[in-house]
Amino acid sequence: MILSTLLKALDQMGMVKQANAHCDIPCGVYDTGPALVAAASVVRLMDILDQSKNDNASALSNQHTRLIAEKEKQAEIVKHEIRVIWGDYFKAPLIEKHPDIHALVHSIMQKGSACKQGIHREDGVALIELVNQFAEIFWETKGLTTARGPCPYEPKLPVVYPVLAG
Amino acid sequence: MKPRLPDGSFVLFRHARSVRPGDIVLVQHPRYGLITKSVAKIYDDGRIAIEGLSPRSTSRKQLGLISRQALRGKLLLSRPPECAWQRA
């Protein structure tokens, strides 16, 4: 206890140097944008699938196969993008400030899988909403406010983006 | 596998004249800056091969051989961060 207090004090005084153990390229470029675009794509693909259900059988099987494959790919992109930000960017001090982040990321993984498995639009909409919540937390850690509004393309559902200073 | 030194650990190094394979050392690396690695091998000419203990670490080949002058110290004690989640 005394040792940890002492170490913390020394650290706060800038007397402790930081050494890296992994030497990953410290690029630090993280953004929730790609996850949101992929989540919107999932819903869009579900909508196209739904609209094409009355097409004739041969056209249907080809198009459906492509749409389903793409939907699964986009859902996997959502999962990957969120895992990377959560695993590489969120460190102890941020996690202490946002203790719910683990549960939220877990929900995104589960919902992302549901979107891969099925074609239920409500799962896609829920996936966007979960990614929006993640984006709000992420941009808050960057000291930025966020704006929420419908994306200017189909499926025109609300998405969260940072408000960047001019 | 959890890392030998969890992210955010306080690590105390001491100046050391000699190191042995397996020692965890602090190195001022010409390319990667101040890093902590494990000693893999010491060559006759005194240069030292270092490696990470994680499979995700930068490879020995990428790290290259370092001189004794680049050695800043040898691990004396380490203390994991207080955040319980990171210790798990």
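The model is predicted: local features need pLDDT of at least 70, side-chain atom pairs count only at pLDDT 80 or more, and totals for chains, interfaces and linings use all residues. Residues are numbered from 1 along each chain as its sequence is written, chains are lettered from A and ligands numbered from 1 in written order, and side-chain values use heavy atoms, without hydrogens and water.

Start with the layout of chain A. Chain A holds 6 helices and 2 strands. These are DSSP runs numbered from the N terminus: helices are H or I with at least four residues, strands E with at least two. Along the sequence the pattern reads α-α-α-α-α-α-β-β. Of the 166 residues in chain A, 37% are buried. Buried means under 20% relative accessible area, exposed over 50%, and partly exposed in between (1.4 Å probe, protein chains only). The accessible surface of chain A is about 9800 Å², with 57% belonging to carbon and sulfur atoms. Such areas come from the Shrake-Rupley method with a 1.4 Å probe; for residues, only the protein chains shown count as cover.

Now take helix H3 of chain A, residues 57-89. Its 33 residues reach 47 Å from first C-alpha to last, close to the expected 48 Å. That expected span is 1.5 Å times one less than the number of residues. Buried residues in H3(A) include Leu60(A), His64(A), Leu67(A) and Lys71(A). Further along, Val78(A), Ile82(A) and Ile85(A) are also among the buried ones. An α-helix has 3.6 residues a turn, so residues three or four places apart point the same way. What do the buried residues of H3(A) pack against? Their partners are helices H2 (33-51), H4 (92-97), H5 (101-117) and H6 (121-141) of chain A.

Next, the cysteines. Cys115(A) counts as buried because its relative accessibility is 0%. Cys151(A) is buried too, at 3%. A disulfide is a pair of cysteine sulfur atoms within 2.5 Å. By that rule, the count over all chains is 0.

Turn to the surface. Met13(A) sits in the loop between helix H1 (2-12) and H2 of chain A. Met13(A) counts as exposed because its relative accessibility is 59%.

Finish in chain B. Gly8(B) lies in the segment before strand E1 (10-14). Gly8(B) is partly exposed because its relative accessible area is 49%. Gly8(B) and Pro81(B) are 73 residues apart in sequence, yet 5.4 Å apart in space, C-alpha to C-alpha.

Conventions:
Contact = heavy atoms within 4.5 Å.
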